Amino acid sequence: MTTIIRHDTITLRSEASAEDLERFMKEELIPYFNERYRGPTRASRADLQNQSFLRDTQDQRKYLWVTAWTGSKDSVQGSSYEHARIGGAIEETKTMLKKLGSFGERTTVAMFRELVYTVVSKN
């Protein structure tokens, strides 16, 4: 199965707190996606494999949310991940992403198809 890597940039709103955004991502959004989009399930079109949340080293108000999925690009390109599961958009997901929007503006920057994945062994 193909792995798709999705990059979403989040630019913190001027009135938002970086600490609040980071707490929301760590305690709410990332755990929600881990639970809701793990798979495979009978309703799967795409299953979440892993996530990373990164802060820009130059611009402390910019973040990158990286998600890796098994499935097709079409299954994960929607703004609400509405094609990742059979049956369309999930209201809980829309609510979580709306809350994310209260902290910052999210833009899907790029999607990549993984060609090689390795884990570096330890000495």
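Both Tyr37 and Trp69 are buried, where buried means under 20% relative accessible area, exposed over 50% and partly exposed in between, with a 1.4 Å probe and protein chains only. The model is predicted, so that local features need pLDDT of at least 70 and side-chain atom pairs count only at pLDDT 80 or more, while totals for chains, interfaces and linings use all residues. Residues are numbered from 1 along each chain as its sequence is written, and side-chain values use heavy atoms, with hydrogens and water left out.

A search of the whole structure finds 10 aromatic pairs; rings of Phe, Tyr and Trp (its six-membered ring) pair if their centres lie within 6.5 Å, and planes under 30 degrees apart count as stacked, over 60 as edge-to-face and the rest as tilted. The ring centres of Phe33 and Trp65 are 5.1 Å apart and their planes stand at 90 degrees, so this pair is edge-to-face. Because Phe33 lies in helix 1 (residues 18-36) and Trp65 in strand 3 (residues 62-71), the pair ties together parts that are 32 residues apart in sequence; helices (H or I, at least four residues) and strands (E, at least two) are DSSP runs, numbered from the N terminus. Both Phe33 and Trp65 are buried.

The rings of Tyr37 and Trp69 have centres 5.6 Å apart and planes at 75 degrees, so they too form an edge-to-face pair. Tyr37 lies in the loop between helix 1 and strand 2 (46-55) and Trp69 in strand 3, so here again the parts tied together are 32 residues apart in sequence. Ring pairs link Tyr32, Phe33, Tyr37, Trp65, Trp69 and Tyr81 into a cluster.

Strand 1 (residues 3-12) is mostly covered, with 8 of its 10 residues buried. Strand 1 pairs with strand 3 in the antiparallel sense over 9 bridges, and Thr11 stands opposite Lys62 in strand 3. Strand 1 also pairs with strand 4 (residues 104-113) in the antiparallel sense over 9 bridges; in strand 4, Thr108 is the bridge partner of Asp8, and Arg106 that of Ile10.

Note on methods: Pairing = 2+ DSSP bridges.
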